[in-house]
Amino acid sequence: MRYGRAGLWLLAVLLLMTGCAGVNPSDEEQWLELTYVTNLEDAEQLITLQEPLLEQKGIRLTRLQLEGDDPTASLTALMEAGETPDLMMMEGVDIQQAARWAQEGAIRTIPSGKLKARQTLWEHSGSWSQALSREGAWIALPVEAWNPEADGSNMMIYCRTDWARNLGVEDLSHLSWEDFLKLARGYAHGDPDYNGIADTWGLTYAGPGLGGLTQLCYGSFGVADWTWQGDRLVPGWSGEEAKEATQWLVQLRREGILDPDGAEHTREEALELFCRGYAGMILWDDPAELESYWRDVQATREKALLINDTVTVLALPENPYGVTAMGGDGESEPLAMLGPDVSDEALEKLLSIMEEVGKLAWQLPENLPDDASFTQRCAYRKRLYYRPYQENAPSFTLAMDDVGLAQVNQQQREKAQEALAELIAAPDDFDTLWSQWTAQNEALCGGYTEQVNAWASQQGQKPDQ
């Protein structure tokens, strides 16, 4: 995993190998000895932030081995062997299984009242954090804070600022959708590099999975699994928000702005197009990788362009609901879980670390220094440009108890991506293809539509007025 999402509390402990450097508690018995596992590849990037905090709290760790490629099965094996770790920071764990572990007492739940800094630290967690909380307690903590010392982002749009200036656009921080389309058209058709050749795309990306287009655009338009249509809930991935987001992407395709071959590009091919000047924007998830490729390309040129002077994160415009955000279903987000034997003392210390790391993650300078790295600049702009994701639908704790509904919701997302790929490939057939997708998704959701509406009625859920 490319670590744009930095763990607020558990990562503070999980990233260190056994022991901590520095001043130790005077009495050896004062140390809290904890075991942990993690399958996050790049977690060590945060060691410098969290090492002092671990030491201050007197926490010492021992890492347990995690066997196998399936994180849910690997944790299950440890639990069945009586070796449940105290701390588990895992990507790809089945959320339904996590709920069952909590019900069975295999993992410790965390009282919601213990999260003193919840309002500050979890404002970017959206429905993912809501899904992980029930009955006044957290099953696990999601990992959704943007940390300036890590890679800084997930999917974002990066754009050529020098080309934008050539097109007369100086301020990229407050674009309307009309401004965005004007800029994208300029990149594609306005000869932004002054070479006299129509050789640039407005936006490129790398498949498979449409390179994050669904996540970026659908999330920005407020698409959720279920959405209100009048006083009734309907499947969200074929709802009005999804239709508006799809129409916008199809418009980019019709106007020759969106790279038609993006779904077939490898990551290297997409980077090649952007870094060699054949695309004004790229949808990308790793600023460090982008910077590295950019430098390699510029090293071959007589007049090298500095990335800090030439590339930046583009702020998406507000959607029709006044929300600018990165959405996403959260199904593969990292989870932070506690073993059943973690003491109240250890919990208090870990949660205090969470608060401290959260402060570090958000206390970015008003003005970045001139020598700030490209990654730091991207993280800072991410914080400025993308406000918290606010769904236009209720949060469904029902999904935590009903495996079938959770599977249907996941299928909605996957099938929506397939439908979007068809529409991008045949943009002139929008009405026909969208009608087919709507019917297909309604059939897919079937009887769950009635179940969801019955549940909403029982909970007193109503659409926002």
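This briefing walks through some features of the structure above, from the whole chain down to single residues. The model is a predicted one. Its protein chain holds 19 helices and 16 strands, and of the chain's 465 residues, 55% count as buried.

**The chain as a whole**

- Among the contacts in the protein chain with a separation of 6 or more, 79% are between residues 24 or more positions apart.
- The accessible surface of the protein chain is about 20,300 Å², and carbon and sulfur atoms account for 44% of that surface.

**Helix H4, a mostly covered helix**

- Helix H4 spans residues 95–104 and is mostly covered, with seven of its 10 residues buried.
- After H4 comes Gly-105, which has a positive phi, near 80°.

**Helices H8 and H10**

- Two packed helices are described by the angle between their axes and the distance between the axes.
- Helix H8 covers residues 177–189 and helix H10 covers residues 240–254; their axes come within 11 Å and cross at roughly 25°.
- Angles under 35 degrees count as roughly parallel, so H8 is roughly parallel to H10.
- The crossing in which H8 passes H10 is right-handed.
- On the H8 side, the contact is made by Trp-177, Phe-180, Leu-181 and Arg-185, while H10 brings Trp-248, Gln-251 and Leu-252.
- Sorted by class, the contact of H8 with H10 has five nonpolar residues, one polar and one charged.

**Helices H11 and H12**

- Helix H11 (residues 267–275) and helix H12 (residues 287–298) have axes that come within 10 Å and cross at roughly 60°.
- H11 and H12 are therefore oblique to each other.
- H11 and H12 make a right-handed crossing.
- From H11, the residues that take part are Arg-267, Glu-268, Leu-271, Glu-272, Phe-274 and Cys-275; they meet Glu-289, Leu-290, Tyr-293, Trp-294, Val-297 and Gln-298 of H12.
- The contact of H11 with H12 divides into seven nonpolar, one polar and four charged residues.
- Glu-289, which sits in helix H12, counts as partly exposed at 25% relative accessibility.
- Glu-289 and Leu-271 are 18 residues apart in sequence, and their C-alpha atoms are 9.1 Å apart in space.

- Most residues other than glycine have a negative phi.
- Asp-191 is not a glycine, although it has a positive phi of about 50°.
- You will find Asp-191 in the loop between H8 and strand S11 (201–204), where it is partly exposed, with a relative accessible area of 23%.
- Tyr-194 is not a glycine either, and its phi is positive at about 55°.
- Tyr-194 also belongs to the loop between H8 and S11, and at 56% relative accessibility Tyr-194 counts as exposed.

- Asn-441 lies in helix H18, which runs over residues 430–445.
- The relative accessible area of Asn-441 is 0%, so this residue is buried.
- Leaving aside residues up to four places away in sequence, Asn-441 touches Pro-235, Trp-237, Ser-238 and Gln-412.
- Arg-377 is found in helix H15 (residues 374–385).
- With 14% relative accessibility, Arg-377 counts as buried.
- Arg-377 and Pro-287 are 90 residues apart along the chain, and their C-alpha atoms are separated by 9.7 Å.

Definitions and conventions. Residues are numbered from 1 along each chain as its sequence is written. This is a predicted model: local features need pLDDT of at least 70, side-chain atom pairs count only at pLDDT 80 or more; totals for chains, interfaces and linings use all residues. Side-chain values use heavy atoms; hydrogens and water are left out. Buried means under 20% relative accessible area, exposed over 50%, partly exposed in between (1.4 Å probe, protein chains only). Helices (H or I, at least four residues) and strands (E, at least two) are DSSP runs, numbered from the N terminus. Contact means heavy atoms within 4.5 Å. Accessible areas come from the Shrake-Rupley method with a 1.4 Å probe; for residues, only the protein chains shown count as cover. Axes are lines fitted to C-alpha atoms, for helices over the stretch in contact, and angles run from 0 to 180 degrees between N-to-C directions. Angles under 35 degrees count as roughly parallel, over 145 as roughly antiparallel, 65 to 115 as roughly perpendicular and the rest as oblique. A crossing is left-handed if the near helix is turned anticlockwise from the far one by less than a right angle, and right-handed if clockwise. Ala, Val, Leu, Ile, Met, Phe, Trp, Tyr, Cys and Pro count as nonpolar, Asp, Glu, Lys and Arg as charged, and the others, Gly among them, as polar.
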